[in-house]
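Here is a short report on one protein chain. Keep the sequence and the 3D view open while reading.

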Amino acid sequence: MQACSQGRTKSLQNMKPKSPDNAADLFRSQLSQIINLEHRLCRLSRQIDWGVFEQEYGALYASGPGRPGLPTRLMVGLHYLKYLHNESDESVVERWLENPYWQYFCGYEHLQHTLPLHPTSLVKWRQRIGADKLELLLKETVAVAQRSGALKSRSLTRVNVDTTVQEKAVAFPTDARLHHKMRVTLVRAAKQRNIPLRQSYHRVGKRALIWQGRYASARQGKRAAKQGRKLKTYLGRVVRDIRRKCPQPDETLHTLLNRAEHLLAQQTKDKNKIYSVHAPEVECIAKGKAHKRYEFGCKASIATTSADNWIVGAMNLPGRPYDGHTLTDALRQVEQLTGRIPAAAFVDQGYRGHKHPGDTVVHVVGRFPKTATRSFKRWLKRRAAIEPCIGHLKSDHRMHRNHLKGTQGDAINVVLAAAGYNLAKLLAWIAWLCRLLPKGGLNFRGPRFFLPDRPTFGVNISGTTT
């Protein structure tokens, strides 16, 4: 009876994530004997507290018999590497197999010759953890910077806060394209449910879309509008045909039909319009840019330290809120990630009328006050330093076009992009320390460093500093 109880307990523990099994590699050379342990990625891996993720995410796995979960350090490490090097789920797994330093970073002791997981496992893991819990990845990068001395306490007293647009991976929405895509989606859904349609309009719908684009490109507005009306008519016929032949559709088909009817009824100046068939959460945001009048995605708030541009806050803002109304939540997140309330926050004129109730003094940068000292003027000018940080997030860390699904994907992408940005700065910090200190004199397992002021680093991860 006791043996059965022990076996049952062992089977219940199999569902939890486990560390990589290195027993089969007993007679092989370890990675620590092959690679250079002074490499900056190896140093960084020894500085990260991986046990925090095990404790926080372990409770999200059910106890019961079944296939064991993938190692938590592997999943966290792959997401760190993905947003550090601007990789997709597929490419980060392929490069992980080829790079022994990446395998060491993810906790493996021996060189692996097979893929440890399918790329879709990263998607399922993100959905399991959720956006709120994944904020821990950003918090740990801030903690590593504080422990190593790269981010000093005095830098947390002043922060810059700004908003930007995180664009979704959607095509530019035109009425003709939306009507065509919606009709194709409904026809596919009806075919999967064996609903016989009177006509699918596959051939004539495709032809109308092609000619609508050609007429619009040639500035023949009346002809283009005629083809657009045809596409709208085809969509309306398919919707009515499905409604007649399937009066009680399932939840998925019911959602698609409601979305199609919303698309058919929306006008130019309506609010809450649909801009994408597969991503209805996409919003149209006008930023007043000369090269891009409209951006389609969601707003995101970024908070950085004024002195040295570490990201200490990143969150998405669904619903196109006014910038001033988001300042309190942004500063609250800074306090959660750093453990300190900023003494001053510098914002642009989009935050006028913010009415922040906290203890942080908010400075809306515009004209210099007449009584401003030279030091205070320098801090006001430093507000603009957040702009290149946002540019690096978009160009180097996968925030330019968000490919993750839904509103939760928007929140996850913003947080992980900020974590990748901080990791890049940490690697630049380690490279600078290696040049500053003699060989063998750098120990990241020891206490915090107290070194002289250093220049502000960019996020170039090729080994050079800016």
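## Overall make-up

Of the protein's 466 residues, 48% count as buried. The model is a predicted one. Its secondary structure comes to 16 helices and seven strands.

Take the contacts between residues at least 6 apart in sequence: 71% of them join residues at least 24 apart.

Helix 16 covers residues 406–436. Helix 16 is mostly covered, with 26 of its 31 residues buried.

Helix 8 (residues 131–148) has 18 residues. From first C-alpha to last it reaches 27 Å, close to the 26 Å expected at 1.5 Å a residue. Its buried residues include Leu134, Leu136, Leu137 and Leu138. Glu140 and Thr141 are also among the buried residues of helix 8. Gly149 follows helix 8 and has a positive phi, near 90°.

## Helix 5 against helix 7

Two packed helices are described by the angle between their axes and the distance between the axes. Helix 5 (residues 89–98) and helix 7 (residues 120–129) pack at about 115°. Their axes lie 8 Å apart.

From helix 5, Asp89, Val92 and Val93 take part; they meet Leu122, Val123 and Arg126 of helix 7. By class, this contact has four nonpolar, no polar and two charged residues.

## The largest pocket

The largest pocket has a volume of about 640 Å³. Its lining counts 28 residues. Nearest its centre lie Gln267, Thr268, Asp270, Lys273 and Tyr275.

Helix 9 (175–192), helix 12 (251–265) and strand 2 (283–286) are the elements that give two or more residues to this lining.

## Two asparagines with positive phi

Most residues other than glycine have a negative phi. Asn86 has a positive phi of about 60° although it is not a glycine. Asn86 sits in the loop between helix 4 (72–84) and helix 5. Its relative accessibility is 33%, so Asn86 counts as partly exposed.

Asn309 also has a positive phi, near 65°. Asn309 lies in the loop between strand 3 (294–305) and strand 4 (311–317). Is Asn309 buried or exposed? At 10% relative accessibility, Asn309 counts as buried, because the cut-off for buried is under 20%.

Methods
Residues numbered from 1 in each chain as written. Predicted model: local features only at pLDDT ≥ 70, side-chain atom pairs only at ≥ 80, totals over all residues. Heavy atoms only, no water. Axes fitted to C-alpha atoms, helices over the stretch in contact; angles between N-to-C directions. Helix = DSSP H or I, 4+ residues; strand = E, 2+ residues; numbered from the N terminus. Contact = heavy atoms within 4.5 Å. Nonpolar A, V, L, I, M, F, W, Y, C, P; charged D, E, K, R; others polar. Expected span 1.5 Å × (residues − 1). Buried < 20%, exposed > 50% of the residue type's maximum accessible area, 1.4 Å probe, protein only. 1 Å grid on protein atoms, 1.4 Å probe; cavity = no way out; pocket = protein on both sides within 12 Å on 5 of 7 lines; lining within 4 Å. Points joined across faces, edges and corners; volume = space filled by probe spheres on them.
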